[in-house]
Amino acid sequence: MEINIPYEKVIEDLINNNYAQVDGFFTESTCIGLRNLLLEKEQDGVFKKANIGNKVNAKEVLAIRSDKISWIENDSGNEFEKSFNFQIDEFCTYLNRTCYTGITDWEFHYALFEKGAFYKRHIDRFKNDNSRKYSVVTYLNQNRQADDGGALVIYTDKGAVTILPEWGRTVIFKSDLLEHEVMVSGKDRLSITGWLK
């Protein structure tokens with residue numbers, strides 16, 4: 001199988017830095033389709049205020065996070081969500097084959113940070129559930145400027161790394177190791193966020 005996405009570079013960055021950043025992980029048409037779906041869902045009122053914690057102890061805490069989300073089904077029949085899931089499945093298969101990661105599942109949601117929204121510093125691992133291995137974020141923001149806010153800040157042992165939420169950019173990092181936060185957004189910030197488990 002020919003790999004067009006630089007999976008080996010992603011793996012090398014994960015090994016060396018515990019995070020990787022890659023532009024073009026998903027095709028342009030997939031990103032456009034997903035962006036349109038996100039906007040349609042927002043117009044249809046599908047988005048809900050995000051919680052902290054998992055199903056056992058989920059609660060809404062606006063002082064910690066103020067984004068809105070809408071979950072994506074792993075078996076979605078929508079062509080763009082199917083394309084997204086296919087790419088994630090291919091990547092997981094590659095990780096399992098080359099790095100023996102044992103990934104068997106994933107979960108993703110659309111995320112909307114409206115103007116003024118943020119997510120304080122945290123780690124993507126629950127106290128009562130350690131299944132999340134890698135966090136994955138793909139940005140669906142068109143024509144976004146650096147001063148529009150909403151940057152992802154990852155805290156590594158070498159210092160803080162700031163990643164701008166630019167169109168088509170994907171960030172992958174170890175869920176149990178890296179604390180991170182989303183800075184206050186100055187305008188709507190669109191993404192798909194999820195976890196390989």
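The accessible surface of the protein chain comes to about 10,100 Å², and carbon and sulfur atoms own 48% of that. Those areas come from the Shrake-Rupley method with a 1.4 Å probe, and for residues only the protein chains shown count as cover. Keep in mind that this is a predicted model, where local features need pLDDT of at least 70, side-chain atom pairs count only at pLDDT 80 or more, and totals for chains, interfaces and linings use all residues. Residues are numbered from 1 along each chain as its sequence is written, and side-chain values use heavy atoms, with hydrogens and water left out.

How confident is the predictor? The mean pLDDT (the predictor's confidence in each residue, from 0 to 100) is 91 for the protein chain, with 91% of its residues at 70 or more. Among the elements, strand S2 (residues 48–49) has the lowest confidence, a mean of 92, while strand S6 (residues 134–139) has the highest, at 98.

Now for the overall build. The protein chain has three helices and 11 strands; these are DSSP runs numbered from the N terminus, H or I with at least four residues for helices and E with at least two for strands. Reading from the N terminus, the order goes α-β-α-β-β-α-β-β-β-β-β-β-β-β. The C-alpha trace spans about 40 × 40 × 35 Å along its principal axes. For 197 residues, a compact globule would have a radius of gyration near 16 Å, and the protein chain agrees because its own value is 16 Å. That radius is taken over C-alpha atoms, and the globule rule is 2.2 Å times the number of residues to the power 0.38.

What about the inside? Of the 197 residues, 49% are buried, where buried means under 20% relative accessible area, exposed means over 50%, and partly exposed is in between (1.4 Å probe, protein chains only). Counting contacts (heavy atoms within 4.5 Å) with a separation of 6 or more, 78% join residues 24 or more positions apart. On the charge side, there are 25 positive and 30 negative side chains, and the centres of the two sets lie 6 Å apart. Here Lys and Arg count as positive and Asp and Glu as negative, with His and the chain ends not counted; each charge is placed at NZ of Lys, CZ of Arg, CG of Asp or CD of Glu.

Phe91 counts as buried because its relative accessibility is 1%. Leaving out residues up to four places away in sequence, Phe91 touches Tyr7, Val10, Phe25, Ile172 and Leu196. Phe25 sits 66 residues away from Phe91 along the chain, and their C-alpha atoms are 10.0 Å apart.

Next stop is the loop between S2 and strand S3 (68–72), where you'll find Ser66 and also Asp67. Ser66 has 14% relative accessibility, so it counts as buried, and Asp67 is buried too, with a relative accessible area of 1%. Beyond neighbours within four places in sequence, Ser66 is in contact with Lys49, Gly116, Ala117 and Phe118. Under the same exclusion, the contacts of Asp67 are Lys48, Lys49, Ala50, Ala111, Leu112, Phe113 and Phe118. Asp67 and Lys49 are 18 residues apart along the chain, with 6.2 Å between their C-alpha atoms.

Which residues show a positive phi without being glycine? Tyr100 is one, at about 55°, and Asn143 is another, also at about 55°. Tyr100 lies in the loop between helix H3 (79–99) and strand S4 (106–113) and counts as exposed because its relative accessibility is 71%. Asn143 lies in the loop between S6 and strand S7 (152–156); at 69% relative accessibility, Asn143 counts as exposed.

The loop between S6 and S7 also holds Arg144. Is Arg144 buried or exposed? Arg144 is buried, with a relative accessible area of 13%. Setting aside neighbours within four places in sequence, Arg144 contacts Gly149, Gly150, Pro165, Ser185, Lys187, Asp188 and Arg189.

Finally, look at Lys158, in the loop between S7 and strand S8 (159–163). Lys158 is exposed, with a relative accessible area of 66%. Not counting residues up to four places away in sequence, Lys158 touches Asn16 and Asn17.
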